[in-house]
Structure formats: C-alpha cells, structure tokens
Amino acid sequence: MADKKKVGILGGTFDPIHMAHLILAENAWQQFQLDTVLIMPSGVPPHKENREITSANHRIRMLQLAIDDNKHFKVSNVEIEREGKTYTADTLTELNRCNPDCSYYFIIGADSLFQIENWYQPETIMKQAVLLAAARDQLEEAETIKKIEYLKNQYHSEIYLLHTPNMSLSSSLIRERVAKGESIKYLVPKDVEKYIYQNKLYI
C-alpha cells in the first residue's frame, strides 16, 4: 500500500489571517515534511459566540489572497459549509472518512494544547490526527513537553513539539489597530492589508 499523504490543518477564525498564522503553517510544513497544509476557517466556533465575526466570504477571500503564492497551502471550506457549531472532532472524523489515503496533522498553539481536554470529544481529536503543538518560548516549551507526555500516555496519542519563532501577534490586535487608524503594514500580507481597507473591515 502506498504511503498516505501527509496533510496539515491549521484552523481558526482568521478574522483576519496574519503573518504569525502563515509562519506557523510554513514551519509545520517544513519540519514535518507535510505534502500540503489546509488553512481551515471555522464557521460558528463554539468559544466565540459572544463576538460578531466577519462574514465567511470576507475571511475566505483574505485567506486566498494571503496564500496565493504558496503552492503547498490550500484554503478548506469544510467547516464554513457545515451548518451549526463547528467542532474539531467532527471535522477530523469527516476528513478521515472521506480521505482514507491521508494522514492528518492538526497544528495548534501550546495554549490550545493545555485546553484540549476541555474541547468537545478530545479523545476523538487525538485519535483522528497527529497533534503538532507550537510553543513560543523556552519556558512554554518545557511546560508543553510535559503536557505532551501526559496526553500521549493518557490518550495513546501521537503529539510532537513544533518549533516556531516567537511572534506576539493576534487577530484581535489587527482589528484594534485598524479601528484606531494605526498601521498594520508587515503584520498581515500586503494584499490582505489592501483588502481590509478597500472593504472597510474592522472600522
């Protein structure tokens, strides 16, 4: 049987996508020799019900602009097209059922790794995908390694540490800077910056 295709998944609201997202995905692709990375915007994330989220059409267009020059990145609409709340466990189950020739690598930050046992069906997530956990600094890396070992023993899961540059950047910071009229140059891709201003997002 031929080796399975190695597919990374970077999920999130991406409201908007920024350079730290892209650097994280690129590092995962390189370090784990992935064939492709799916950039997967969420539809209705259960943990962000109290905040108004920019329309899916705008978020998808910004993603497309951000990864246009990267052949190993692809935008996935799997969660956007699903009705109701979107859960990672359901997404991974669906992807594995539809694509038995693929192995999935779920890319998360260390903060998410420490919260994952509180997610919907964490055992399903860790059964359906290899987890790649990114730590931002040496202290967080040491704590993350301990957490990885605990989860591997508890759930018989496959989890690896993902090394990536420390970037204190968030989508909320981008939105705040736009609202205040502050520059977001070099924080998001050039075409994404242009799109935000042309469509008067976050003002």
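A contact here means heavy atoms within 4.5 Å. In this chain, residues 24 or more positions apart account for 74% of the contacts with a separation of 6 or more.

The model is predicted, so local features need pLDDT of at least 70 and side-chain atom pairs count only at pLDDT 80 or more, while totals for chains, interfaces and linings use all residues. Residues are numbered from 1 along each chain as its sequence is written, and side-chain values use heavy atoms, with hydrogens and water left out.

Let's start with the overall build. You can find nine helices and six strands in the chain; these are DSSP runs, with helices (H or I) of at least four residues and strands (E) of at least two. The C-alpha trace spans about 50 × 40 × 35 Å along its principal axes. The radius of gyration, taken over C-alpha atoms, is 17 Å, which agrees with the value near 17 Å for a compact globule of 203 residues. That globule rule is 2.2 Å times the number of residues to the power 0.38.

Next, the surface. Of the 203 residues, 46% count as buried, meaning under 20% relative accessible area with a 1.4 Å probe and protein chains only; exposed is over 50%, and partly exposed lies in between.

| Cysteine | Relative accessible area | Class |
|---|---|---|
| C98 | 44% | partly exposed |
| C102 | 9% | buried |

A disulfide is a pair of cysteine sulfur atoms within 2.5 Å, and by this rule the count is zero. C98 is in no disulfide, as the nearest cysteine sulfur, that of C102, is 11 Å away. That distance is too far for a bond.
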